[in-house]
Amino acid sequence: MSVVTDSPAHSSGSDDFISYLNDALDASSPDSSADEEAETQDEFEDVSRNKRRKLESTEETEGSTSEGIMEHKLVVAESSVKVDVCTHPGSFGEMCIRCGQKLDGESGVTFGYIHKGLRLHDEEISRLRNTDMKKYLFSKKLYLVLDLDHTLLNTTILGHLSSEELHLLNETDSLEDVSKGSLFKLEHMHMMTKLRPFVRTFLKEASEMFEMYIYTMGDRPYALEMAKLLDPQGEYFNSKVISRDDGTQRHQKGLDIVLGQESAVLILDDTEHAWMKHKNNLILMERYHFFASSCRQFGFNCKSLAETKSDENETDGALAKILEMLKEVHCTFFDKLQGDLVDRDVRQVLSSVRGKILSGCVIIFSRINHGALPTLKRIAEQMGATCLMELDPTVTHVVATDAGTEKSRWAVKEKKFLVHPRWIEAANYFWQKQPEENFVVKKTTNPL
């Protein structure tokens, strides 16, 4: 197969494009060595030069024919010439991936996670997205972009294990068959990784509804190593592993390097501010803190799950709850909406599902930190709650951190729910209204 003669512009979608590119460049491994990449580039240039020589030879032959025949050829071939003019859909190094012509300067969006040095222009990105959209919608699939750290797993440096976590060094699973384990010691990276409970079931079932990407702020070697632990058979992600080395904005993640239409993409991540341009696509994940270093990183002065020799519930934990919600969103998108599939928007479905969580709840806040109040209010309203500023008989919940405030005492007297702010946070993470009795507020000050 030739990069020049078999144009990716004729491929049916991103998967075909990626397969084509890997075959053409003889580089199926995304972490090819520098020597291999140099050889590939040399091969690419050789093929390109050969094609240009053939074109030049053809032009010389045509130039030696009679003027009448030449004019006839030009008239007959006019339309085909227009079709054959290369639009340079992208480049590999300095060469067009279709015609092999050497291009001046670098342009287009970098897709280094597909292959180092690959750039695609907006028109080709749009074409691939549109083609994929039709293909996956026909197969009843959407897109799901997955964060790694604190979302699907937790990693620590071996030297950062606390004294109460050292027992883990003798409890790690074999790297020979990672599909059967969840705790791994990666000696060559001086790291230990714990997969989140339920993650394997989550990925298996999610893959039936979504085309999945990994997108992490970790570097590329780390991202690929984690992908091997999560997907040892390469069933879910293939080459769709994006690291911070592939991003187009510093300290930000973006869908500009994901080959999926934004209207069909969901994002699962524990960090909201990493997706400033795509908050409507985002499902915020409760952070997974298995190691003490993770707790310290986020300012928690408590024992880690590893230190207490415990873990999240396998069947009733964060990933299990999120999977239930994803199934609801998927079902609503494909089975309950009216109109053409390509005109539907999963962001609207996500907003609708979120808006039912606290529907019917009328909330008033009491003595909540001014810095936290706007966020809590926004989250509650996104989940369908009505937030009031003054006490009203219609209030169903008083949210407070102190049972001694006037509004808190009113709630007890009027037999309204008095709950801690974590009640709102938990409903947001689990996509379900939580039992109020699990979020009791204690009296911490004298009544005013």
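Biologist: How much space lies in the largest pocket?

Modeller: About 1000 Å³ of space lies in the largest pocket. Please keep in mind that this is a predicted model.

Biologist: Which residues are closest to the centre of that largest pocket?

Modeller: The closest to its centre are Met 285, Glu 286, Arg 287, Glu 425 and Tyr 429, out of 35 residues that line the largest pocket.

Biologist: And which elements give two or more residues to the lining?

Modeller: Those elements are β12 (282-284), α9 (346-354), α10 (373-382) and α12 (422-430). The largest share of the lining comes from α10, with five residues.

Biologist: What classes of residue make up the lining of the largest pocket?

Modeller: The lining of the largest pocket has 17 nonpolar, 12 charged and six polar residues.

Biologist: Moving on, how much space lies in the second largest pocket?

Modeller: The second largest pocket holds about 830 Å³ of space. It is lined by 33 residues, and the closest to its centre are Asp 149, Thr 216, Met 217, Gly 218 and Arg 244.

Biologist: Which elements contribute two or more residues there?

Modeller: For the second largest pocket, they are β6 (153-157), α6 (220-230) and α7 (292-297). Strand β6 gives the most, with four residues.

Biologist: How does the lining of the second largest pocket divide by class?

Modeller: It divides into 15 polar, nine nonpolar and nine charged residues.

Biologist: Now the salt bridges. How many does the structure hold?

Modeller: The structure holds 23 salt bridges. One of them joins the side chains of Glu 124 and Arg 127, at 3.0 Å from N to O.

Biologist: Where do Glu 124 and Arg 127 lie?

Modeller: Both are in helix α4 (residues 122-138), three residues apart, which is about one turn of the helix. Glu 124 counts as buried because its relative accessibility is 4%, whereas Arg 127, at 22%, counts as partly exposed.

Biologist: Which residue forms a salt bridge with Lys 194?

Modeller: Asp 311 does, and the closest N and O atoms of the pair are 2.8 Å apart. This pair links distant parts of the chain, 117 residues apart: Asp 311 is in the loop between α7 and α8 (318-336), while Lys 194 is in strand β8 (residues 191-195).

Biologist: Is Lys 194 buried or exposed?

Modeller: Lys 194 counts as buried, because its relative accessibility is 7% and the cut-off for buried is under 20%.

Biologist: What about Asp 316 and Lys 321?

Modeller: Their side chains also meet in a salt bridge, at 3.0 Å from N to O. Asp 316 is partly exposed at 44% relative accessibility, and Lys 321 is buried, with a relative accessible area of 14%.

Biologist: Which residues are linked in a network of salt bridges?

Modeller: Lys 141, Glu 211 and Lys 240 are linked in such a network.

Biologist: One more topic, helix α11. Which of its residues are buried?

Modeller: In helix α11 (residues 406-413), the buried residues are Ser 408, Trp 410 and Ala 411. Seen down the axis of α11, these buried residues fall within an arc of 160 degrees, so they line one face of the helix.

Biologist: Which residues are exposed on the other side of α11?

Modeller: Glu 406, Val 412 and Lys 413 are exposed there.

Biologist: And what covers the buried residues of α11?

Modeller: The cover includes β13 (362-366), β15 (397-400) and β16 (417-419).

Biologist: What follows α11?

Modeller: Lys 415 follows α11, and its phi is positive, near 60 degrees.

Key. Residues are numbered from 1 along each chain as its sequence is written. This is a predicted model: local features need pLDDT of at least 70, side-chain atom pairs count only at pLDDT 80 or more; totals for chains, interfaces and linings use all residues. Side-chain values use heavy atoms; hydrogens and water are left out. On a 1 Å grid over the protein atoms alone, a cavity is a set of points where a 1.4 Å probe fits but cannot get out, and a pocket is an open set with protein on both sides within 12 Å along at least five of seven lines; lining residues have an atom within 4 Å of a point. Grid points are joined across faces, edges and corners, and a volume is the space filled by probe spheres set on the points. Ala, Val, Leu, Ile, Met, Phe, Trp, Tyr, Cys and Pro count as nonpolar, Asp, Glu, Lys and Arg as charged, and the others, Gly among them, as polar. A salt bridge is a side-chain nitrogen of Lys or Arg within 4 Å of a carboxyl oxygen of Asp or Glu. Buried means under 20% relative accessible area, exposed over 50%, partly exposed in between (1.4 Å probe, protein chains only). The arc is that of the directions from the helix axis to the C-beta atoms. Contact means heavy atoms within 4.5 Å.
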